[in-house]
Amino acid sequence: LYLIRVQRADPKTGEPVDVRRRVRCASLADAIRARGEMLATIETEAQQRPRIRLDEYAESWMRGKMPGLKASTRRTYADALDHHVLPELGRYYVDAIRPADIREWFAAKAEVYAPATVNGFLRVLKTMMADASEELDIPDPTRRIKAARQVGGPSTRRNMLTADEMGSFLEVLRDEDSQWYAMVFTQFATATRFGEVSALR
């Protein structure tokens with residue numbers, strides 16, 4: 001009974017891949033041949049392993065996540081992926097995405113959106129890539145990407161309406177779209193988050 005150990009450097013990460021197997025062989029020469037066959041099999045499987053693009057992985061990931069998520073969370077995830085992650089990164093192979101790609105994407109989003117908003121996009125991507133790292137046995141390119149610094153104070157007021165602006169907005173909604181008026185008024189009057197209000201009937 002021989003313990004055969006095969007170790008080689010992973011071509012993507014340079015880290016060692018270690019495989020051990022107990023094999024019954026008639027002689028040491030047979031064990032050496034078995035080791036060679038084992039190494040050849042591992043290399044062939046690595047070459048034949050199908051690669052998956054991020055948009056394909058995101059679709060299967062969302063299907064698996066949906067049963068355990070609230071409706072509002074599902075919408076948040078879908079919006080972040082469909083409109084802010086996949087248009088730029090979706091055609092990349094998951095195992096080919098590097099931290100530099102994430103930093104470039106995040107910097108571009110931070111130029112357009114407020115820190116709290118772009119951090120929300122990053123949280124969704126981090127959650128998905130952590131699962132991909134575990135499931136596909138690949139490094140997580142988002143692991144060391146830090147969220148944008150959020151500063152409170154007057155700069156956050158650009159995302160707020162004054163009382164007069166809110167009144168004018170509600171008047172337009174009441175006249176143009178009664179369904180949206182009811183939803184927005186309820187959210188405004190109760191200080192309830194959109195995800196909670198949109199789930200009401």
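The model is predicted: local features need pLDDT of at least 70, side-chain atom pairs count only at pLDDT 80 or more, and totals for chains, interfaces and linings use all residues. Residues are numbered from 1 along each chain as its sequence is written, and side-chain values use heavy atoms, leaving out hydrogens and water.

Start with the whole protein. It has eight helices and two strands. Helices (H or I, at least four residues) and strands (E, at least two) are DSSP runs, numbered from the N terminus. Along the sequence, the order is β-β-α-α-α-α-α-α-α-α. Of the 201 residues, 27% are buried. Buried means under 20% relative accessible area, exposed over 50%, and partly exposed in between (1.4 Å probe, protein chains only). Now take the contacts with a separation of 6 or more: residues 24 or more positions apart account for 52% of them. A contact means heavy atoms within 4.5 Å.

Next, look at helix α2, residues 54-65. The expected span is 1.5 Å times one less than the number of residues. Which residues of α2 are buried? They are L54, Y57, A58, W61 and M62. Seen down the axis of α2, these buried residues fall within an arc of 135°, so they line one face of the helix. The arc is that of the directions from the helix axis to the C-beta atoms. An α-helix has 3.6 residues a turn, so residues three or four places apart point the same way. On the other side of α2, E59, R63 and G64 are exposed. The buried residues pack against α3 (71-89) and α5 (115-136).

Those two partners also pack against each other. The angle between α3 and α5 is about 80°, and their axes are 9 Å apart. Axes are lines fitted to C-alpha atoms, for helices over the stretch in contact, and angles run from 0 to 180 degrees between N-to-C directions. So α3 is roughly perpendicular to α5 (65 to 115 degrees). Residues making this contact include Y77, L81 and H84 of α3 and F121, L125 and M128 of α5.

Finally, find T142 in the loop between α5 and α6 (163-176). T142 is buried, with a relative accessible area of 1%. Beyond residues up to four places away in sequence, T142 touches I102, L125, K126 and M129.

Definitions and conventions. Angles under 35 degrees count as roughly parallel, over 145 as roughly antiparallel, 65 to 115 as roughly perpendicular and the rest as oblique.
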